[in-house]
Amino acid sequence: MALMTCRAFLNDLRLRMEGTPSLDAEAHIRNCPSCRHITEDLNAIHSAARSWRAEEIEPPAHLWASLRLQLEREGLIRDDRGSQLELSNSGWFSRWFAGLPRPALAGGYLVLLIAVAFGFSRPANRQANEARWLEGTQVSTSPLSAQLTAEQVSFASFNDSNPAVTASLNKNLAIVDNYIALCEKSVQEEPQNEVARDYLYEAYQQKADLLAQMTERGENNR
Amino acid sequence: MSASYFVRQQLVCNRTWKAASLLVPGLLICSFASAAPQPRRQEQHFKVQAHPVITLHNPNGTITVKAWTKAEVMVISNRASDDVEVDAEQMGNRVDVSTHAASDNVAPEDLRADYQINVPEDAELQIHNDSGEVNVANVLGDMNVETVAAAVDLEDSAGYVTIKTVGGSFQCTRCAGKLEISSISGNLRLTDIHSFHVHAQTSTGNILFSGEFLPNGLYRLKNYSGIIEVRFSPADSFDLSATSLKGKVINEASLTPKAHQQHFYSRFGNSLFGTFNAGRAKVELTSFDGTINILKRD
């Protein structure tokens, strides 16, 4: 049997939330931690919403009368006792949407809750992701940087027998050092920027190549 | 003792002196010859078979390699001083040429040799020249050239070419085959190219590409700063992706936007993605803070 993809699972999510999950979807969340977390979050939201409804507090009767009076005064409703706008003291919130079919209301409610949840979580997630990207880059480059710097110290006065070679290697090492500094700054500013990270790794590679050449020449000149 | 005995003895003695008079100067000449330095200009010939390999290791100098129709390799070397030696030897179908110091105390300007080498056109070349120049023309075999500061100039090549320089520039005219070039500060100039694979990378140098974009070809040009310039003709067909993180992308090609989702990189910097004609070749241009120019060829 072909496994369900994450995209298909998400398309199927509404059915699941309405209580008719497919077997494929069940199998998918057993194997996919990401979709399992989404499902768990939605279940938590759904439970919370149900508990809010159960805890709904009835407003006092006189509030409805004064609210109605105010709306009539502002011309927003007419005094039509037979109309559907008749207010009663049972569930004011649900009366506002009384004209809408129940499944559409439930779907809209769910979408709203998800949007709010994503809206609140996004900036926090972004900062956390950026911190993780930066940390990952630093973890991979810091030891390399330290090693190359230590290596470079031993070449403070590199001097090949060929002056053109000495000048070229020293000049290009300075270019690469500057290039590393600028790439590091760019990675700090945009930790998720893959191009900047690629450039930084390449700059380290170039520095390692140059220092290897200098080491080899230093040994040959001895 | 008879008179004839004395005569014979005299003759023997005369012959001995004659022989000695010939032998001693001969030996002296030989001993002088062995002690005399190599002539500074040397010409050596090596018979080779198909696809010979020629390796050359030189610290400094001008190297010129040209293809010819003979099944032999000719090496003409010219040493800058007597403190430098040139070795050229054949091992099977490989000819190894190298320059090295003859003493421990050689002045930098003396550690130099210039070479003119003729090879069969299917020869494979491996050249290392720290500074000076490397010029190669009409060699169709694979080649690998590494330099520090030496410039490399290639004409009419057709093999798998890998060039690596630190600060030396690279120029390639009418090159086909596969090209892989990397440098730190050298400028890369690729003109009249007919290659299906070009990968050129320099950090601070400029890159110019003017040539055909062959169907299914891959053209990847990358630098850190400097200018990347690509010239195309109206008949070319390529899929373009150009990104400069901090610099500009200037485009004269009428590109059709891609229908599918853009490349990940498009979120950062200045990017351009699209298809020119049928999009048969793939062109990837990347710069950190340089300018990318995609211009019409005159």
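Tutor: Strands in this predicted model are DSSP runs of E at least two residues long, numbered from the N terminus. By that rule B:Val152 belongs to strand β9 of chain B, residues 151-155.

Student: Why does B:Val152 count as buried?

Tutor: Burial is a count of neighbours, and the cut-off is 20 or more other C-beta atoms within 10 Å. B:Val152 counts as buried because it has 28 C-beta neighbours inside 10 Å.

Student: Which residues does B:Val152 touch, not counting those up to four places away in sequence?

Tutor: They are B:Val134, B:Val145, B:Thr147, B:Ile163, B:Thr165, B:Gly168 and B:Phe170. B:Gly132 is 20 residues from B:Val152 along the chain, and their C-alpha atoms are 9.1 Å apart.

Student: How many helices and strands does chain B have as a whole?

Tutor: Chain B has 1 helix and 21 strands. Of its 298 residues, 39% count as buried. Among its contacts with a separation of 6 or more, 48% are between residues 24 or more positions apart.

Student: How do I read strand pairing, and in what sense do β4(B) and β5(B) run?

Tutor: Look at the direction of the two strands and at the bridges between them. Strands β4 (residues 84-91) and β5 (residues 94-101) of chain B run antiparallel, joined by 8 bridges. One bridge pairs B:Glu89 with B:Asp96 in β5(B). The two strands form a hairpin with 2 residues between them, and B:Gly92 in the turn has a positive phi of about 65°.

Student: What joins β5(B) to β2(B)?

Tutor: There are 5 bridges between them, and these strands run parallel. Here B:His57 has B:Ser98 of β5(B) as its bridge partner.

Student: Which residues of β14(B) lie on its covered face, and which on its uncovered one?

Tutor: In a regular strand the side chains alternate between the two faces of the sheet. Strand β14 of chain B spans residues 207-211, with B:Ile207, B:Phe209 and B:Gly211 on the covered face and B:Leu208 and B:Ser210 on the uncovered one. β14(B) pairs in the parallel sense with β13 (residues 188-202) of chain B over 5 bridges, and B:Gly211 stands opposite B:Ile193. β14(B) also pairs in the parallel sense with β16 (residues 227-232) of chain B, over 4 bridges. In that pairing, B:Leu208 is bridged to B:Glu229 of β16(B).

Student: What is the secondary structure of chain A?

Tutor: Chain A has 9 helices and 0 strands. Of its 222 residues, 16% count as buried. Among its contacts between residues at least 6 apart in sequence, 57% join residues at least 24 apart.

Student: How is helix α8 of chain A to be read, and which of its residues are buried?

Tutor: An α-helix has 3.6 residues a turn, so residues three or four places apart point the same way. In α8(A) the buried residues include A:Val165, A:Ser168, A:Leu169, A:Asn172, A:Val176, A:Tyr179, A:Ile180, A:Cys183 and A:Val187. The helix has 27 residues, 163-189, and reaches 39 Å from its first C-alpha to its last, close to the 39 Å expected at 1.5 Å a residue.

Student: Which residues does A:Tyr204 contact beyond its neighbours within four places in sequence?

Tutor: A:Tyr204, in helix α9 (residues 194-221) of chain A, is in contact with A:Thr141, A:Leu144, A:Leu148 and A:Ile180. A:Leu148 is 56 residues away in sequence, with a C-alpha to C-alpha distance of 8.4 Å. A:Tyr204 counts as buried because it has 20 C-beta neighbours inside 10 Å.

Student: How many residues does each chain give to the contact between them?

Tutor: Chain B gives 23 residues and chain A gives 20. On the side of chain B, the elements that give two or more residues are β2 (53-68) and β7 (124-137). By class, that side has 13 nonpolar, 9 polar and 1 charged residues. The model scores ipTM 0.77 and pTM 0.68.

Student: Where in chain B is pLDDT under 50?

Tutor: Where pLDDT is low, the predicted coordinates should not be read in detail. The mean pLDDT of chain B is 88, with 84% of its residues at 70 or more. Residues 1-13 of chain B stay under 50, and the model has 1 contact for them beyond four places in sequence.

Notes:
Residues are numbered from 1 along each chain as its sequence is written. Chains are lettered from A and ligands numbered from 1 in the order in which they are written. This is a predicted model: local features need pLDDT of at least 70, side-chain atom pairs count only at pLDDT 80 or more; totals for chains, interfaces and linings use all residues. The expected span of a helix is 1.5 Å times one less than its number of residues. A residue is buried if 20 or more other C-beta atoms lie within 10 Å of its own, exposed if 12 or fewer, and partly exposed in between; C-beta atoms are placed from the backbone. Two residues are in contact if their C-beta atoms, placed from the backbone, lie within 7 Å. Ala, Val, Leu, Ile, Met, Phe, Trp, Tyr, Cys and Pro count as nonpolar, Asp, Glu, Lys and Arg as charged, and the others, Gly among them, as polar. pLDDT is the predictor's confidence in each residue, from 0 to 100. Two strands pair if DSSP finds at least two bridges between them.
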